[in-house]
Structures are given as C-alpha cells and as structure tokens.
Amino acid sequence: MTTPSAVSGASLRRLPPLTSLRAFVVAARQLSFTAAADELFVTPAAVGQQIRQLEAHLGRPLFRRVGRSLQLTEDGRDLLPGLARAFETMVETLARLGEAADAATVRVSVPPAFAAKWLVPRLADFSASHPGVGLSVAASMALVDFAREEADCAVRYGAGQYPGMHVTRLMTERVVPVCAPTLIDGPEPLDHPRRLAGRVLLHDDELRDDPGCPDWRMWLRAAGIRDIDATRGPRFDQSNLAIEAAIAGQGVALTRLRLAEADLTAGRLVRPFGGAVPVDFAYWFVCPPERLDRPPVQAFAGWLVAHCATL
C-alpha cells in the first residue's frame, strides 16, 4: 500500500498540471467544453487548452468529436474513474479539515460599537487563555436568526427578552458626558454643565433605542439647565463614531460608559463632570441552548462573563 510519505517529489513532478486534470474530469462528466467552462468559471477556450495540454502530456487523445457531440476515447474512459476518485478523496479530506477547524471556532455576532470599543481590545486575552479556540466576529445591529445565519452566539444590548434562547446578563450600563482632555483646559474650562453652551454637542443616536436612556435634552434638564439648544451638533448612528469624534476633540459626547472605559483609562477621554445616569438596557450573552453544549462556545461564554464581572 502506498503511503503519503512514499510519494516522492520526482513522482509528483511527473504529474500533469492539476488544472488540466480537473478540466478533464469536469469535461468528461459534462461531455461539453462549454458546460465545463461554466462550472469552472473559465472560458471554453481555456478548457480546450487545458485538455490539449493533458493530451500532449499523455501522448494520446482523450476526446473525439462525433458530429456536434463530444465523446470520450477509450483512453479517456479508462482515465476518468481513477481521476474522479482522486478528486473525491481530495474534496473529502479538505472538508474534514474544514470541519475540524469549524468545530474549534466560535462564531459570534456583536453590535459594531461593542466590537470596536469593548471586545476587540480584549481579544488578545481570550486568545492567550484559550489558544485552541478560534473566534469569528461579525459586527451587526440586527437580531440573529440562528436557524439561518452562521452564528453560534451573540452579544446584544437590550432588555434581555430573547424567547427560546439561553440568556445571561453580562453588565449594566450608564450614560456619561465625555470629551478630549484638551477641552477641559484653557481660559474657559469645562468645569460645569453650563459651559456646554459654548461647546459642540455630539449625539450618539444608538441611545435612542433604549427608551429609558437620556439624550442631551433630558440630561441637561436633569442638570437644571434649560437655556442650551440640546439639538445642535452632529449626530452619529453608532456609539463608537461618537466616541471617536470626542477623542478627536470635536465636541462633548453623551455616550455609554462601558464603551468609553478603555479610552477613559488610557487618557484619550475624560469625564468633565459627574452625571452618570443608569439606564434600563444591559449587555446580554444570547445563545441557542443546544449550541451552548459546544466546548468552544462554553469557553467564550465563560471568558465573557468573567471579564464583565470585573467591571
């Protein structure tokens, strides 16, 4: 029995090009260069060239024209079964390899802002603590249809009502004003909410999805300020964009504290005054119960809960 190690480099060099062998198998099954070209996403001329290359390598014809139809020669009929089995073996082997890789990968759907500002900066820790588990992250605001989409689990910001799912609350949230450190210095330091009258207000429109979450108008009113136009300033449909605008010194953003924490810790942002407002929504780990049995999903869920518990 021939083992893989017994196939020498010299033997492999004597093989014709793989593309010509593949073109032959498909053309022999279709008995049409045009149909084979459609299947292989090449032109019929390219298929014909690959077949001629294989015939030249073997020194014998593999097809013949009979009227307008294409038929295999006797040599072509002899060659086809062995090559077809070889390609089937390659496909099966590669599929098993892909299944093994998929089995050790967690596919998670997360909101874009959570991915950019919370999850991605911590991925190195997950990889270090779980070196055998791969992670595939898809950023999306939409609820996941686990029956149709390639996702094992999700992180969602909401009320936690996901019928039929395994749901774990990860962490609560508060809304705070944040800005670049440069905005609190100078002759008119940003040391009181009244100073916002001379500053650009950055609006995080993701906050509108939470019915219990304040916008600038509500936050200013709670601070006792009613003479500032709370509608002025640019709007952003994702929290991470509002945060990045604040980091760039473009104004003061009212945004979620959890998403701004890394930038606050690094000094890229500051909280010019208090006023953190708790909100009703929270971050949740969501997963179909049957997928929670997969060890990689358990590993990711455990890591996620442990990291959120430290906040």
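Predicted model: local features only at pLDDT ≥ 70, side-chain atom pairs only at ≥ 80, totals over all residues.
Is T73 buried or exposed, and why? T73 counts as buried because its relative accessibility is 9%, under the 20% limit that defines a buried residue. The chain contains 11 helices and 10 strands, and 40% of its 311 residues are buried.

**Overall dimensions and surface**

- The radius of gyration of the chain is 31 Å, whereas a compact globule of 311 residues would have a value near 19 Å.
- The C-alpha trace spans about 95 × 40 × 40 Å along the principal axes of the chain.
- The chain has an accessible surface of about 16900 Å², and carbon and sulfur atoms account for 55% of that surface.
- Of the contacts between residues at least 6 apart in sequence, 76% link residues at least 24 apart.

**The surroundings of T73**

- T73 is placed in the loop that lies between strand β2 (69–72) and helix α5 (74–103).
- Apart from residues up to four places away in sequence, T73 touches P61, L62, F63 and R64.

**The open sheet**

- Eight strands form an open sheet with mixed pairing, in the order β4-β3-β5-β10-β6-β9-β7-β8.
- The edges of this sheet are β4 (134–139) and β8 (235–236), each of which pairs on one side only.
- In general, the strands of a sheet pair through backbone hydrogen bonds, in either a parallel or an antiparallel sense.
- Strand β7 (residues 201–204) pairs with strand β9 (residues 252–256) in the parallel sense, over 3 bridges.
- H203 has L254 in β9 as its bridge partner.

**V279 in strand β10**

- V279 belongs to strand β10, which covers residues 277–287, and β10 stands between β5 and β6 in the order of the sheet.
- V279 counts as buried because its relative accessibility is 10%, under the 20% limit for a buried residue.
- When neighbours within four places in sequence are left aside, the contacts of V279 are Y157, E173, V175, D210, G212, C213 and P214.
- V279 and S140 are separated by 139 residues in sequence, and the C-alpha to C-alpha distance between V279 and S140 is 22 Å.

Notes:
Residues numbered from 1 in each chain as written. Heavy atoms only, no water. Helix = DSSP H or I, 4+ residues; strand = E, 2+ residues; numbered from the N terminus. Rg over C-alpha atoms; globule rule 2.2 N^0.38 Å. Buried < 20%, exposed > 50% of the residue type's maximum accessible area, 1.4 Å probe, protein only. Contact = heavy atoms within 4.5 Å. Areas by Shrake-Rupley, 256 points an atom, 1.4 Å probe, with all protein chains shown as cover. Pairing = 2+ DSSP bridges.
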